[in-house]
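Q: I would like a close look at a single part of the structure shown here.
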Amino acid sequence: MSGTASPGLADLWWAGRVAVVVGASSGIGLATARALHARGARVVLMARSAGRLAGIAASWGEGALAVPVDVRDRAEVERQIAAVAAECGRIDILVYCAGILYLLLADELDERLRDMVETNLLGAAWVTRAVLPWMRAARFGRIVYVGSVAGHIATVGYAGYAMTKWGLRALAQALRAELDGSGIRVSLVSPYYVRTPMLDGELAAGPLPGYDPSAVLEAPQVAEAVLRAARSGARELILAPWSIRLGLLLGQLLPGLRDRVIARMGRPLIEHRRRLVREPGR
Ligand SMILES: NC(=O)c1ccc[n+]([C@@H]2O[C@H](COP(=O)([O-])OP(=O)(O)OC[C@H]3O[C@@H](n4cnc5c(N)ncnc54)[C@H](OP(=O)(O)O)[C@@H]3O)[C@@H](O)[C@H]2O)c1
């Protein structure tokens, strides 16, 4: 990674900053890495798919480095982050986008839950711990976690996934307090459904609670919010239609009503799953 794309005046804040994007091979992470690169940041692309990352980095040319990593392996995370810091000299920005989703009802929870916890949540803690010494030394850093509306409301089929996203919110909140005055800011970006390969998988799993196709976000919109959060150090950006935002607010005030609405929204998914058990070929 020998240089950067030439920045415009508006992009000077980003120019030359080293940004590690975890989950950069696809979807929101790829869109975020692309937006950072376009602004002149030096982007480190991390995910498991080594070939994909190498292809992306090669097509962008200077200013992009592909570093394969499986975030479930803490030792590998530490090794790879140390290698990045050694090559780049510092790490200014961490965007943690790695995530997987299995839509599971409570009696379907199995090893896939462990996989979600290790990828969506523990991986975030491992990468954070690995980058912190570099940010502390520079007395500057931006950490942005990509959470989800599911970090605020746990609907039918999303128990396991929501556990990971609530956990991510907890990590962000505690870390923000620990890092107060350090020059390192911690943000959470919590989107509604986003058109990515992950959503394709969700849609195949059955009728999604609260899914409104007309409100689905595009990955570049979320990427721009991630960059806004990184730049401003904003605590949390919730990217969702007003009806969902209002629902989150009302749910705090009227939890009994919220629970009834969640139950009703989830009935089609429960019915769908029961049908699959009765008629496995369908
Ligand atoms: N799409 C939505 O509707 C939506 C809504 C709200 C929040 N989100 C969140 O947004 C984030 C990005 O999701 P997306 O929709 O962009 O999904 P995506 O297109 O499936 O991307 C997921 C990324 O995570 C990486 N990843 C998965 N397991 C990994 C592992 N063990 N180690 C390293 N990287 C791993 C994947 O790369 P490899 O497979 O190459 O490892 C990929 O780059 C996730 O945290 C997701 O929960 C998504």
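Are the residues of strand β6 (residues 184–191) buried or exposed, and which strands does β6 join by bridges?

A: This is a predicted model, in which local features need pLDDT of at least 70 and side-chain atom pairs count only at pLDDT 80 or more, while totals for chains, interfaces and linings use all residues. Residues are numbered from 1 along each chain as its sequence is written.

Helices (H or I, at least four residues) and strands (E, at least two) are DSSP runs, numbered from the N terminus. Strand β6 belongs to an open sheet of seven strands in the order β3-β2-β1-β4-β5-β6-β9, with parallel pairing, where two strands pair if DSSP finds at least two bridges between them. The edges of this sheet are β3 (64–68) and β9 (236–239), each of which pairs on one side only. Direction ignored, neighbouring strands are turned by 15° against each other on average, with axes taken as lines fitted to C-alpha atoms, for helices over the stretch in contact, and angles running from 0 to 180 degrees between N-to-C directions.

Eight of the eight residues of β6 are buried, so the strand is largely enclosed by the rest of the structure; here a residue is buried if 20 or more other C-beta atoms lie within 10 Å of its own, exposed if 12 or fewer, and partly exposed in between, with C-beta atoms placed from the backbone. In a regular strand the side chains alternate between the two faces of the sheet. In β6, Ile-184, Val-186, Leu-188 and Ser-190 point one way, whereas Arg-185, Ser-187, Val-189 and Pro-191 point the other way, and all are buried.

On one side, six bridges join β5 to β6, and these two strands run parallel; Tyr-145 stands opposite Leu-188 of β6. The chain passes from β5 through helix α5 (residues 159–178) to β6 in a right-handed β-α-β crossover, which is to say that, with the strands pointing away from the viewer, the path from the first strand over the helix to the second runs clockwise. Strand β6 is also joined to β9, by four bridges and again in parallel, and Leu-188 stands opposite Glu-236 there.

Beyond β5 in the sheet order comes β4: strand β4 (residues 93–96) and strand β5 (residues 141–146) pair in the parallel sense over four bridges, and Val-95 has Val-144 as its bridge partner in β5.
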